[in-house]
Amino acid sequence: MLNILSALIGLVTLILMIPAVLPLLGALNWILVPMALVGAFIGMLSSKNGGRNFCLIVAAFGALRLFMGGGLL
């Protein structure tokens, strides 16, 4: 059950990251990366790894976008 919840958090975060790819909306990732990490933490409490791994990939994508934009854009 926690694995499904973690995957849902990751999916919502990924959908919300779509506008954050656009220029001048990248600061939205400051909210979305911690949200994905909360999903990964919830996934750690599960016996399965799928939701946790998905949330970690989403968080890495958001962190990469922050890094490419200098943390602001």
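**View 1. Helix H1 passes helix H3 in a left-handed crossing.** Left-handed here says that the near helix is turned anticlockwise from the far one by less than a right angle. This is a predicted model, in which local features need pLDDT of at least 70 and side-chain atom pairs count only at pLDDT 80 or more, while totals for chains, interfaces and linings use all residues. Residues are numbered from 1 along each chain as its sequence is written, and side-chain values use heavy atoms, without hydrogens and water. Helices are DSSP runs (H or I, at least four residues), numbered from the N terminus. H1 covers residues 2–17, and its axis lies 7 Å from that of H3 at an angle of about 20°. That makes the two helices roughly parallel (angles under 35 degrees; axes are lines fitted to C-alpha atoms over the stretch in contact, with angles from 0 to 180 degrees between N-to-C directions).

**View 2. Met17 touches residues that include Leu32, Val33 and Val58.** Contact means heavy atoms within 4.5 Å. Not counting residues up to four places away in sequence, Met17 also meets Asn29, Phe61 and Gly62. Met17 belongs to the largest nonpolar core, together with Leu32, Val33, Ala36, Val58, Ala59 and Leu66 (buried Ala, Val, Leu, Ile, Met, Phe, Trp, Tyr and Cys residues joined through side-chain atoms within 4.5 Å). Helices H2 (29–44) and H3 (50–68) each give two or more residues to this core.

**View 3. Gly62 sits in helix H3.** Gly62 counts as buried because its relative accessibility is 0% (buried is under 20% relative accessible area, with a 1.4 Å probe and protein chains only). Beyond its neighbours within four places in sequence, Gly62 contacts Met17, Asn29 and Val33.

Key:
Buried < 20%, exposed > 50% of the residue type's maximum accessible area, 1.4 Å probe, protein only. Parallel < 35°, antiparallel > 145°, perpendicular 65-115°, else oblique.
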